[in-house]
Amino acid sequence: MEKSLKSKNGSSANEEKEVSSERKVPIIETLKPKKRYTKLEKELIEATIAAMDVLIKQKNAQE
Amino acid sequence: MPRNKSFVFDQNIFTGYSKIIRSSPTLALKMHLSSVVLYELVATTVSAEDLDVFERLRKLHDKKKTLLTPDKNDWWETAKLIRRLRFSDKSASRGLTPKIQHAQQLQNDALIARSATLAKCYVVTEDITDFGQFSPFMPNLEVVSGTEFFGKT
């Protein structure tokens, strides 16, 4: 992020290129999944899925 | 940015990338939830059933110590930040800050940014420009776009 802020403020083209090549892989793909979940973690995953279902439902209703 | 660092999703990320977030359990476990974002989400829900869903999410994040809620100091510091932006004070690190007429609208974003920074999280948002205005006042603030985080969808 520090680099991207700097680039907005007028860094060189090389720096821009460096930043873009560095970020080809989305961050989500670099996150390591856990193999085992605690009870709280399982509940949190289920709650997140339920919340996202609400948002998806709302979005579909608006469209 | 360390890839193992936790993050906070802005409201526009939850609404714009809900299908991806739903399908990735890792995200649910790595994220911190901002009470300000939760407020923005809940303010748009209508049914009692939907409220229960977000209430459960809030309680679980609270239990896991990943619920970020601005305290009295955060409100005070945010007020000073917004004031600086509004009246174009000199920041400590980068000289003059451009005048912003709608600075008060940035209140929620500033609260999200401050609490995320204090929790050593980075912010994922579609409003990179708005959050970028806080950088002179929050040197440790890290902001990432939805595209950078999720890739092109």
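Two residues are taken to be in contact if their C-beta atoms, placed from the backbone, lie within 7 Å. The model is predicted, so that local features need pLDDT of at least 70 and side-chain atom pairs count only at pLDDT 80 or more, while totals for chains, interfaces and linings use all residues. Residues are numbered from 1 along each chain as its sequence is written, and chains are lettered from A in the order in which they are written.

The contact between the chains takes 27 residues from chain A and 33 residues from chain B. On the side of chain A that touches chain B, the elements giving two or more residues are α1 (2-8) and α3 (39-62), helices being DSSP runs of H or I with at least four residues and strands runs of E with at least two, numbered from the N terminus. The most is given by α3(A), with 16 residues.

In chain B, helix α5 (residues 48-63) has 16 residues and reaches 22 Å from its first C-alpha to its last, close to the 22 Å expected at 1.5 Å a residue, where the expected span is 1.5 Å times one less than the number of residues. Its buried residues (20 or more other C-beta atoms within 10 Å of their own; exposed, 12 or fewer; partly exposed in between) are B:Asp50, B:Val53, B:Phe54, B:Leu57, B:Leu60 and B:His61. Seen down the axis of α5(B), these buried residues fall within an arc of 120°, and therefore line one face of the helix, the arc being that of the directions from the helix axis to the C-beta atoms. They pack against α3 of chain A together with β2 (31-34), α4 (35-42) and β3 (67-68) of chain B.
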